[in-house]
Each structure stands twice: as structure tokens, then as C-alpha cells.
Amino acid sequence: MSRVPLGTLLVDRGLCSAEAVEQALNQQVRGGGSLGEVLLDAGVVTEDDLLAALADQAGLDVIDLDDHPVDPTAAATIGDGLARRYHALPIGWDGATLVVAIADPTNVLAMDDIRSVAGCDLRVVVATRRAIEAAINRANRLDADVESVTSVALDAVDEREELASVREITEDAPIVKLANLLIRQAIQDRASDIHIEPTEHDVRIRYRIDGVLHEVMRSPKRVQSGLISRLKIMADVDIAERRIPQDGRMSAVVGGRQIDLRVATLPTVFGEKVVLRVLDKSNTPLDLGELGFLPSTLERYRSRFERPCGTILVTGPTGSGKSTTLYATLNRLNDPSKNIITVEDPVEYRLPGVNQIQINPRAGLTFASSLRSILRADPDIVLVGEIRDRETANIAMEAALTGHLVLSTLHTNDAASTPTRLVEMGLEPYLVSSAVDCVVAQRLIRRLCDRCKIPSFPTKGDFDALGWDEDDDLGFDLYQPVGCPACSRTGYQGRFALHEVMLVTEEVKALIAGRAHVEEIRKVAVAQGMQDLRGVGLVHVRNGATSVEELLRVVA
């Protein structure tokens, strides 16, 4: 079947006149170039109209590169010069076939050159020249954006002849570019973690964004060894050891910002999985007013952490923002007249004016031993990263009773169950009731994207789950997520915390000392003004900050 000429297609679609096509053909004969480029430069057709006609002519798909992810392993198969010369960019893989986006699908020479350089079959899709140039810029901005990545010297690797080939792979430009791109893209997407997971047939890359994992790409199995070895070298861990988990750290300067990354490896049946925790200080709100506290809840909390002594406990599961709340509290308390000492594992954020200690169990520096030493260093405020055992808890409680303000974290489900948890760890009820002043339980919840959220009406399931009557007039609008480029199609952008603040009043102290049931403690706390996590969440739902669906995901 013969191909319909581009000029005929444009005329048939009413996008330009036959006279304009004829003039463009004459100009093409005189000056060269493609018919499409001549018409575009003359302003006769728009780029989108031309793109649709070219794709129709060639029987190809049109993609929007502004929203389409680019696999860095594909982009790295050809050089920057070749991509810019032909306005073409490899964007992914279809099995062993390379998917290439190009602005002019009629350019057979471009396809031949790319096929020759990449060394594999091609599947062509069509995209605008502007979008391709923007994608090329994003894919090749790594050398400027990732200015420096801390890594160890490779002399140790040289001593192991059997690892010589690994070193060659990890220094190969595409592998270096891929490792840097994963870090840069994660930071650009506001990811807190990067998961690199070998599977049976490929390597899956996922980012945790706003607490939820999203798959961003799948790369060919052949990049697995080089990529993982490169990351292990950067993190200063043993690249020859693949049988046991390892932990390391690295730092990078991305766009002028210092980024720290914690690296953990984990052997799996298909190879080593690597997880990078992104510690971006510039994105961490260290102001209590930015964490999501309701005004009344923040006032309750402030009334206790501004006291000169006592214990403030922040509780919740791993990754619920407990440390951030404590850092923000220290920021509020930080004053030249106070001696503030912390003991943490690890020290994730450096706070000016605060003495921070990193525990080192191998050297005998544990939370408990550090805490004993701290109390001999004349502190006013002590932060203990986490209460993990009876000994640490006992020292922390006694420190609070001897005139120190102690802040720490604990893993419990809610505020009311925290005193009981301490008693179960072996502390005397009278010590807990005397020392603990305030308990904050929290969860992180995703914030609806303001650009794309739309009004919604709750379903019957929502009414039942939230305890509302279907006949009631809610009196406020509910919103649900949609998804747009600004929020990476998730419908949410950023997170904030839900807080329930339990003040340990005289009545609550009596219940703790009497080993009362958790439900009794909760009832008294609520009667004295504590809003539970669900109640706080409903306030934010009514304010349009989050959705019913998200609240039910976070607070069952």
C-alpha cells in the first residue's frame, strides 16, 4: 500500500491550502529540508497538527513526552549529539526492542544511524520536537545537576583481580549516568526512598513518594550487576560481598543542594536489592507550624514542651515523621541559654547549636550508656532518638524527674496505649505516671493536589466507615484525587501529619499508677480535650486538605 503524501494529508484535513503546500515544495527544492519543517517554519501549520499528520502517514503512535517517563538505560544507548541531530530519543524498551521517540518519522537515515549505534531493533513513536528537546535536556543534565557524588577510592578494588571486570562496568559512562539519574530523578519527584529490585527477567525501579511506592521504570537484566556494584562503591560497602545485608552512606550535590543518602543492600533470590533513603534537609519542615498541627492541638502540645522538665513522647509506626516532630520541637526550644544534647541512631539532620551524638553499639556506645554520660554533662534538654529497652526507658524517666526535659520516640499505635507499653517494658507504673508529661501519636497523610482535586460525594461505605448519617447535610465539600503532571498523576502532592496530643493530667496519672486499661485512659483523655487521630483527620477532610479515601487508608 502506497503512503499518502504529507501535503495531501494536510490539505485533506483542512490544515493548510494546496497553494501553501506548493509554495513549501518550491522552497524545499531551493533550500532543502523536509516539507514538514518548511511548513512549520513558515507558520502554516502547528507542531501538534504536523505531528498528528506525520504519525498518521507512517502509521505510528503519538506520545506526550511531557507526561511519559524516560528509561535512562534506553536514553543512554545513543549519544547526546546523535539525539539532538535527529531530534530523536530512545525512551524505553519493548522486550529487546528499543522504543525511540522522533519528531520526523520519515527520516530513514536517522533510524538507520540509531539502529547501528544502539545495536538492536527499533520501534518508533512520534513526539513533538519541543518535547524531545526537553526530554534530551532532562536526560543529559546530570553532569551539571549532580555536581559531586561521594565515593571511596578504588584502590581496594584493584587489589582484587577477580573484581577487575566489575570495576570496568561500574566506571562505564551509561552505568554512571544511570546511577546519577536515579538519584536526581528521585529528588526531583520528592521521593523519600529508591528501591532497586532485581526480578527474574529485569530490574524494577520504584520510588516511595508521599509514603506510597510507585514503579517508575523497568530496566534490562544486563544492567543489574553494573548498577548495583556502582551504588555499593558509592556507598563504601564491600562489592565482593553479596550474601549478607550491608549498610552504607553517600552524599551528593544536586542542583546546589547537599543530599545525604542511606544505602541498604539485601540479598534476594534474583540478586541484591538496594534501597536508598533520601535525606533532603531542604525539604524537611523544621517548623512546628508547618507539620499539620491544628491550632488547638499545637497549643496543647506547646503547653507541655515549654515546661522545664518532664518527658515528651512522640509515638507512631516507622516512617510516621516522629523524628521530624522532635527536630521541629528542638528548633522551637533552641536557645543560647540552654544546653541541648541528643543521642540518635543515626544523626540524620544537623541542628546548629545542638550537641548531637551518634550511637555506636560496636564501640559500646548505646542509647543507655550515652544517656548516662549526657546526664553528667549538665544538660537542660535531652533528646533520645528512640526508647528501645527497659534500661534506656528507666534512665530517661529518672532524668525527667531530676529536672531535665526529655524528648523521645516510642513505637505504639496511639497516645493512650503508650504508658501501658512502658509498664510492659518493665517500668514501675508510679515512675511512668510521675515522669511522662505528654504523649503525641501521629501518622503521615497525603495532601490533595490543589491543581487537580475535584469535589466529590461520599459513598455509602464512606458514610458507614466515618459514622455519618446518609440523610445528614454535611455542610462542607469533600474532594477526591484526579492526577495531573504537577503531582506525577497521583492526585496528591506532599504530606502532613495527623496528631493526637494526650496530656498526662492528675486524673490520667492516677489511672496509669493504678494499671488501668488503655480504654479507660483514652476515655478520660478524650473527655479532657484530646482529639483522636480520626477526629483530627476529619477536620482536614472538611478543610479539603485530604480525601476520605486517604484518611481511611491511614487511620483504619
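Begin by selecting Leu 422, which, once its neighbours within four places in sequence are left aside, is in contact with Leu 313, Ala 393, Met 397, Leu 410, Leu 427, Val 432 and Val 436, where contact means heavy atoms within 4.5 Å. The model on your screen is predicted, so that local features need pLDDT of at least 70 and side-chain atom pairs count only at pLDDT 80 or more, while totals for chains, interfaces and linings use all residues. Residues are numbered from 1 along each chain as its sequence is written, and side-chain values use heavy atoms, with hydrogens and water left out.

Next, select Ile 387, Met 397, Leu 422, Val 436 and Met 502, the residues with the most contacts inside the largest nonpolar core, which has 41 residues. A nonpolar core is a set of buried Ala, Val, Leu, Ile, Met, Phe, Trp, Tyr and Cys residues joined through side-chain atoms within 4.5 Å; buried means under 20% relative accessible area, exposed over 50%, and partly exposed in between, with a 1.4 Å probe and protein chains only. The largest share of this core, six residues, comes from helix H17 (residues 390-401), helices (H or I, at least four residues) and strands (E, at least two) being DSSP runs numbered from the N terminus. Apart from this core lies another, of 31 residues, including Ile 175, Val 223, Val 237 and Val 278.

Move on to helix H22 (residues 518-527), whose buried residues are Val 518, Ile 521 and Ala 525. They lie on the same side of H22, because they cover an arc of only 65° around the axis, the arc being that of the directions from the helix axis to the C-beta atoms. On the face turned away from the buried side of H22, look for the exposed residues Lys 523 and Ala 527. Among the elements that cover the buried residues of H22 are helix H18 (418-424), E19 and helix H21 (506-513). After H22 comes Gly 529, with a positive phi near 110°.

Now select helix H23 (residues 533-542), which is largely enclosed by the rest of the structure, because seven of its ten residues are buried. The buried residues of H23 are Leu 533, Val 536, Gly 537, Leu 538, Val 539, His 540 and Val 541. Gly 544, which follows H23, also has a positive phi, near 80°.
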